[in-house]
Amino acid sequence: MPLCFAMYGNPGAGKAYVSSLVVDSLCDEARGQNTAVACFYFDYTTQKEQSLTSMLGPLLKQVVGGLEGISEKITRAFRLRLPEIVEMLQIASSSQHTFICVDSLDECVEDNRPKVLGSPRQILLKSPGIRISLTGRAHVRAEVGKSLSGRIAILVISPRREDISKYLRVRLDEDVNSDAMEDDLETDIMRRIPETDSEM
């Protein structure tokens, strides 16, 4: 069984949506079980504040949140140094099944990505009960493969032409000013957009 599940796709293909479904499903299944689910979203608007500690600290806090008898020191993980956070994630995930979902890895500052990918590798080596889910655009695939080689299942998410056409049809039908659009323009939209997006 792979230890890491990576989803790649172009912007707007549905990676974040699929990732949210994965997190929701895991949370539903984790209720009442000895299982932790933690997630982190890389937001391009906060790249200046991004660091390995700012990602792993909140993940640790989520992982240990359901464990009984956790010290105050651990629950204030954002104040710990990086090696302590990695070690505590290893310890916490060794005593329970743990799922970590990292969304929009491509929005992580490029210089930080090797470190971000190195930490899960360290955690996976010492914690057999952990599984990691990653999403990102296709250009991060090589970095992920290099860092987590041999342990990855890959899913490429891409829109189907029929789905794009259905979506456009619904949106055009919902338009309250549909009379303002000429038939030629609507026909052009229905032909060109699905053709272009499905080729991305």
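## Helices α2 and α5

The axes of α2 and α5 come within 10 Å and cross at roughly 30 degrees; axes are lines fitted to C-alpha atoms, for helices over the stretch in contact, and angles run from 0 to 180 degrees between N-to-C directions. The crossing is right-handed, a term used when the near helix is turned clockwise from the far one by less than a right angle. On the α2 side L52, M55 and L56 take part, and they meet K115, V116 and S119 of α5. Contact means heavy atoms within 4.5 Å. By class, this contact has four nonpolar residues, one polar and one charged. Ala, Val, Leu, Ile, Met, Phe, Trp, Tyr, Cys and Pro count as nonpolar, Asp, Glu, Lys and Arg as charged, and the others, Gly among them, as polar.

## Basis of the description

This is a predicted model, in which local features need pLDDT of at least 70 and side-chain atom pairs count only at pLDDT 80 or more, while totals for chains, interfaces and linings use all residues. Residues are numbered from 1 along each chain as its sequence is written, and side-chain values use heavy atoms, with hydrogens and water left out.

## Overall make-up

The protein has eight helices and five strands. Helices (H or I, at least four residues) and strands (E, at least two) are DSSP runs, numbered from the N terminus. Along the sequence they follow the pattern β-α-β-α-α-α-β-α-β-α-β-α-α. The C-alpha trace spans about 65 × 35 × 35 Å along its principal axes.

Of the 200 residues in the protein, 36% are buried, meaning under 20% relative accessible area; exposed is over 50% and partly exposed lies in between (1.4 Å probe, protein chains only). Among contacts with a separation of 6 or more, 78% come from residues 24 or more positions apart.

## The sheet

Five strands form an open sheet with parallel pairing, in the order β2-β3-β4-β1-β5. Two strands pair if DSSP finds at least two bridges between them. The edges are β2 (35-41) and β5 (152-157); each has a single partner strand, so one side of each is left without a neighbour in the sheet. Neighbouring strands are turned by 15 degrees against each other on average, direction ignored.

Strand β1 (residues 4-9) is joined to β5 by six bridges and to β4 by five, running parallel to β5 and to β4. C4 has I152 of β5 as its bridge partner, and A6 has I154 of β5. M7 is partnered by T135 in β4. Five of the six residues of β1 are buried. Helix α2 lies across β2 and β3, running at about 155 degrees to β2.

Helix α5 (residues 113-126) has 14 residues and reaches 21 Å from its first C-alpha to its last, close to the 20 Å expected; the expected span is 1.5 Å times one less than the number of residues. Its buried residues are R113, V116, L117, G118, S119, P120, I123 and L124. Their cover includes α2 (52-64), α4 (82-94), β4 (130-136) and α6 (141-147). An α-helix has 3.6 residues a turn, so residues three or four places apart point the same way.

S104 is found in the loop between β3 (97-103) and α5. The phi of S104 is near 65 degrees, a positive value in a residue other than glycine. Most residues other than glycine have a negative phi. S104 is buried, with a relative accessible area of 11%.
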